[in-house]
Amino acid sequence: MEFNQIEIKKLAGHKLLNDWEKGFIESVIGQFEKGYKISSNQERIIKRCFDKTSEDEVRKIEEWENSFDAEKRRIFDICVRYYKQAGYFSHVVDKVAKNNNYIPNEKTFAKMCENKYAKKVLVVCDSE
């Protein structure tokens, strides 16, 4: 699969890409500007970035964020307090510390709040 510089520039800085992916895209753009071709491995990563930022994925994320109601916020906040003490999910705890309105993606929410430990914590919190 061949990508051109214009298509790849559209990916640069996309909000759904993580920092590593953004840096990777910037590096590939730099390669294009120097006249280099990209490798098949780079193409594979770029395709993954395009898939991650597709209209369908953007819509799914918007739907998740719109469904993040007061109950999910309550559950998430309890789990964040728990994991802050336990020392797990520190990358998410740090994001919440910087932004109280942070909404985790659906996968992170499930990992943090729907495991057996989190469920036990929620039962204790709800019984008080």
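**Contacts, a pocket and a helix pair**

Tutor: Glutamine 31 is in contact with Tyr36, Lys37 and Gln42, leaving aside its neighbours within four places in sequence. This is a predicted model.

Student: Which helix is glutamine 31 found in?

Tutor: Glutamine 31 belongs to helix α2.

Student: Is glutamine 31 buried or exposed?

Tutor: Glutamine 31 counts as buried because its relative accessible area is 19%, and the cut-off for buried is under 20%.

Student: What about lysine 22, where does that lie?

Tutor: Lysine 22 also lies in helix α2. Its relative accessibility is 25%, so lysine 22 counts as partly exposed.

Student: And which residues is lysine 22 in contact with, leaving aside its neighbours within four places in sequence?

Tutor: Those contacts of lysine 22 are Gly13, His14 and Leu17.

Student: How far apart are the C-alpha atoms of lysine 22 and glutamate 71?

Tutor: They are separated by 33 Å, and the two residues are 49 residues apart along the chain.

Student: Changing topic. How much space lies in the largest pocket?

Tutor: The largest pocket holds about 850 Å³. It is lined by 22 residues, and those closest to its centre are Lys15, Leu16, Lys52, Ile61 and Asn105.

Student: Which helices supply at least two residues of that lining each?

Tutor: α2 (19-33), α4 (55-67), α6 and α7 (106-113) each do. The largest share comes from α4, with five residues.

Student: How does the lining divide into nonpolar, polar and charged?

Tutor: Nine lining residues are nonpolar, four are polar and nine are charged.

Student: α6 came up there. At what angle do the axes of α5 and α6 cross?

Tutor: The axes of helix α5 (residues 70-86) and helix α6 (residues 90-98) cross at roughly 120 degrees and come within 10 Å.

Student: Is that crossing left-handed or right-handed?

Tutor: α5 passes α6 in a left-handed crossing.

Student: Which residues make the contact?

Tutor: On α5 they are Phe76, Val80, Tyr83 and Lys84, and on α6 they are Val92, Val93 and Val96.

Student: How many of those are nonpolar, and how many charged?

Tutor: The contact of α5 with α6 has six nonpolar residues and one charged residue, with no polar ones.

Student: Why quote both an angle and a distance?

Tutor: Because two packed helices are described by the angle between their axes together with the distance between those axes.

Notes:
Residues are numbered from 1 along each chain as its sequence is written. This is a predicted model: local features need pLDDT of at least 70, side-chain atom pairs count only at pLDDT 80 or more; totals for chains, interfaces and linings use all residues. Side-chain values use heavy atoms; hydrogens and water are left out. Axes are lines fitted to C-alpha atoms, for helices over the stretch in contact, and angles run from 0 to 180 degrees between N-to-C directions. Helices (H or I, at least four residues) and strands (E, at least two) are DSSP runs, numbered from the N terminus. A crossing is left-handed if the near helix is turned anticlockwise from the far one by less than a right angle, and right-handed if clockwise. Contact means heavy atoms within 4.5 Å. Ala, Val, Leu, Ile, Met, Phe, Trp, Tyr, Cys and Pro count as nonpolar, Asp, Glu, Lys and Arg as charged, and the others, Gly among them, as polar. On a 1 Å grid over the protein atoms alone, a cavity is a set of points where a 1.4 Å probe fits but cannot get out, and a pocket is an open set with protein on both sides within 12 Å along at least five of seven lines; lining residues have an atom within 4 Å of a point. Grid points are joined across faces, edges and corners, and a volume is the space filled by probe spheres set on the points. Buried means under 20% relative accessible area, exposed over 50%, partly exposed in between (1.4 Å probe, protein chains only).
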